[in-house]
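Dear colleague,

Please find below the structure that I am handing over to you, followed by an account of what was found in it.

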Amino acid sequence: MKLKFFTVVLTVGLMSQSAAFGQDFVQSGTAPTLPQREGKEIYNAICSGCHMPDGVGAVGAAAYPPLAKSDFVGSKEATAQWVIKGYKAMPPLGDVMDDEQIAAVVNYVRTNLGNAYDDEELTAAEVADIRTW
Amino acid sequence: MVDHISGMTRRGVLTMIGLAAGASAMYTAMAGMGLAGTSNYKGPIKLEGDPKGTSVLILGAGLAGLTAALELHNAGYKVQVLEYREKAGGRCWTLRGGETYTELGGFKQEVKFTEGNYLNAGPWRIPSDHYAVLDYCRRFGVKLEPFIQQNYNAYLHNSQAFGGKPQRFKEIQADYRGQISELLAKAVDQKKLDGPLTDDDAALLVESLKRYGVLDENLAYVKSDATSIYRGWAKEPGGGVDAKGEPSDIISLSDILQGRLWQDLITGESIDHQAGIFQPVGGMDMIAQGFEREVKDLITYNAKVIKIEGSETGVSATYVDSNGGTAEKTVSADYCICTIPFSVLSQIEHNFSGEMTEAIDSVPYASSIKVGLEFKRRFWEEDEHIYGGISYTDTPITLISYPSNDYLSKGPGVLLGAYSWGAASYQFNAIPAEERIEIALKYGEMIHKQYRDEYSNGVTVAWHRVPWTLGCYGEWRDQEAHYDNACKMDQRTLMAGEHISYLPAWQEGAILSALNAIERLHKIVTAA
């Protein structure tokens, strides 16, 4: 696994925070899925709630693991599966994102936040398949 | 999935499930969302027989842990409670002016509400069929006042209909009922309806619809004094000269249907929301304080449990100081009641059975957001004659709830300015508190134009960022597969909490699960 320099992580973190301002909000009564389409925007609309804007995670009575510079997202299939079905405290998010959105955000996290996995990008078709696992 | 579904309100999700899977699936989902089911509380628990000095370790001082502590202590057990926070109550939690709240990520909010104002961050209503909660309120002398769930003068709002203008609940309610009554009455009267009705019943049905829908002699729902009594007047009747009331225009059935304003007409009619429904005077945590007065000496606060080890003869728990301490302390007891939310427990080192571990690992906690907004004056009362109750909207805030207390008071009041679930809630969780408030103001001012001028301050609780629960309430991935296993005694530990109940997300479920657990525990102890 290749990691970018820490300063890059910090920069990404700050950008993420500012990007979260003014995001489009889902219409509560009419749409079940997020309006965002790009990986970074999706990250800032949902993942950052727990994993934090800069991906460092958080610790309270229990923890949200960091996604920044993390082995956790080493497998794109496993990451997609966690997103779809959840794991332990992580809720299943397969209903609030479509296949393309899940692929976009998984690819974003694996190539940003200090992660630089350079294998083939996850596709929406693969996400659709993972949903059936 | 269905294209056009209502995703974010609990009711919206239910509508989708009802359409897709029918009534029984809908009931299951309703129970899961805390919208159905009646309490099986049978009155104060009686733990008769000598516990013979048996000790019980209780993990967590939310309502489940507090209930277990109080009742076991009263029955003669040696009780010790470990609590992560600096106070008891768990999600029975009220925020008031002068307090600070730090969510996960270290983001701190100062609550600036005026004295007497508050936000119930978690549960905020006590249904009249939640007998256990009501009984403990009675025992502790917690004063209750009516919570206004349904207010006919509040609004129904669809940003995409009626030019975005909110409509009064009473107008939609009366016009919707009146016009569907008209359709049905005419169909029956003209014998256009195949059905099992006898002629007598058909005649009675028409008569009843005339009354129910406020129809005229032609079975029509029309603009009139009669219908204005239900939907409101164009000009209110008064006294003296030129005081006659003027009837109001009717909103067409098509507009109501197209605008989907029927969506929340029955939200307040489920058994958990029917009047009378209550709130504690001064804040929901009056209940927590009632318990705490009785068992405070048994609780070790600021104790973050990091390890639970059970054996055939007892249970021990290791904890550190919640505020970053590293010094480990271990306490032991003959038995344990563990009320730690499974979102947290799944990350604590333990030696529970494989079955129990699977159960613990299969309960993520729901996303939810509350935004409390304090305004300089109670404009909803002064300008719009809304006293308590809830306005519903299709925007991300889902609803605005008006305070059910201190009516007509001149000072500032606090509105619940957002209470959302699902995708909208995730989005709220993902942004800073000041941005959440801005979103609540942006959508709230579509309903109340006074928002910007009158806004004073606000506070938000995004439940996935609550450090001690990591979410709002337990949502079983596969309740059928794991729930019964989670209820079994694991060596000498029993689980309790709202997640170990069929009244999830309700305080009643937490208390009932604790009562059930200690009843079973006591049987084992006294039989030994």
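**Cavities and pockets**

Please note that the model is a predicted one. The structure holds six cavities of 30 Å³ or more.

Several elements of chain B each supply at least two residues of the lining of the largest cavity: helix 3 (63-74), strand 15 (303-310), strand 20 (368-375), strand 23 (413-421) and helix 17 (507-527). Strand 15 of chain B gives the most, with three residues. Sorted by class, the lining of the largest cavity has 26 nonpolar, 10 polar and seven charged residues.

The second largest pocket has a volume of about 500 Å³. It is lined by 27 residues, of which H51(A), P65(A), L67(A), F72(A) and M90(A) are the closest to its centre. Two or more lining residues come from each of helix 2 (39-51), strand 2 (63-64), helix 3 (76-85) and helix 4 (99-111) of chain A, and also from helix 13 (422-429) of chain B. Helix 2 of chain A provides the largest share of this lining, with five residues. By class, the lining of the second largest pocket divides into 20 nonpolar residues, six polar and one charged.

**Sheets in chain B**

Strand 15 of chain B, already mentioned for the largest cavity, also belongs to an open sheet of four strands in the order 17-16-15-19, with mixed pairing. The edges of this sheet are strand 17 (329-333) and strand 19 (349-350) of chain B, each of which pairs on one side only. Within the sheet, strand 15 of chain B runs antiparallel to strand 16 (residues 315-321) of chain B, and seven bridges join the two. In this pairing, A303(B) stands opposite D321(B) of strand 16.

A further open sheet in chain B has three strands in the order 7-13-8, and the pairing is antiparallel. Here strand 7 (126-127) and strand 8 (144-146) of chain B are the edge strands, each pairing on one side only. Strand 7 of chain B pairs with strand 13 (residues 277-280) of chain B over two bridges, in the antiparallel sense. P127(B) is found opposite I277(B) of strand 13 of chain B.

**A helix crossing**

Helix 17 of chain B, one of the elements that line the largest cavity, also meets helix 4 (residues 131-140) of chain B: the two axes come within 8 Å and cross at roughly 85 degrees. Helix 4 of chain B is therefore roughly perpendicular to helix 17 of chain B. On the side of helix 4 of chain B, the contact involves Y131(B), A132(B), V133(B) and Y136(B), while helix 17 of chain B contributes Q507(B), E508(B), I511(B), L512(B) and L515(B). Taken by class, this contact has seven nonpolar residues, one polar and one charged.

**Backbone details**

Most residues other than glycine have a negative phi, and most peptide bonds are trans. The peptide bond from A275(B) to G276(B) is cis, with omega near -10 degrees. G276(B) is located in the loop between helix 8 (253-258) and strand 13 of chain B, and strand 13 is a member of the three-stranded sheet described above. D242(B), although not a glycine, has a positive phi of about 50 degrees. The loop that holds D242(B) is the one between strand 11 (233-235) and strand 12 (246-247) of chain B.

With kind regards

Note on methods. Residues are numbered from 1 along each chain as its sequence is written. Chains are lettered from A and ligands numbered from 1 in the order in which they are written. This is a predicted model: local features need pLDDT of at least 70, side-chain atom pairs count only at pLDDT 80 or more; totals for chains, interfaces and linings use all residues. Side-chain values use heavy atoms; hydrogens and water are left out. On a 1 Å grid over the protein atoms alone, a cavity is a set of points where a 1.4 Å probe fits but cannot get out, and a pocket is an open set with protein on both sides within 12 Å along at least five of seven lines; lining residues have an atom within 4 Å of a point. Grid points are joined across faces, edges and corners, and a volume is the space filled by probe spheres set on the points. Ala, Val, Leu, Ile, Met, Phe, Trp, Tyr, Cys and Pro count as nonpolar, Asp, Glu, Lys and Arg as charged, and the others, Gly among them, as polar. Two strands pair if DSSP finds at least two bridges between them. Axes are lines fitted to C-alpha atoms, for helices over the stretch in contact, and angles run from 0 to 180 degrees between N-to-C directions. Angles under 35 degrees count as roughly parallel, over 145 as roughly antiparallel, 65 to 115 as roughly perpendicular and the rest as oblique. Contact means heavy atoms within 4.5 Å.
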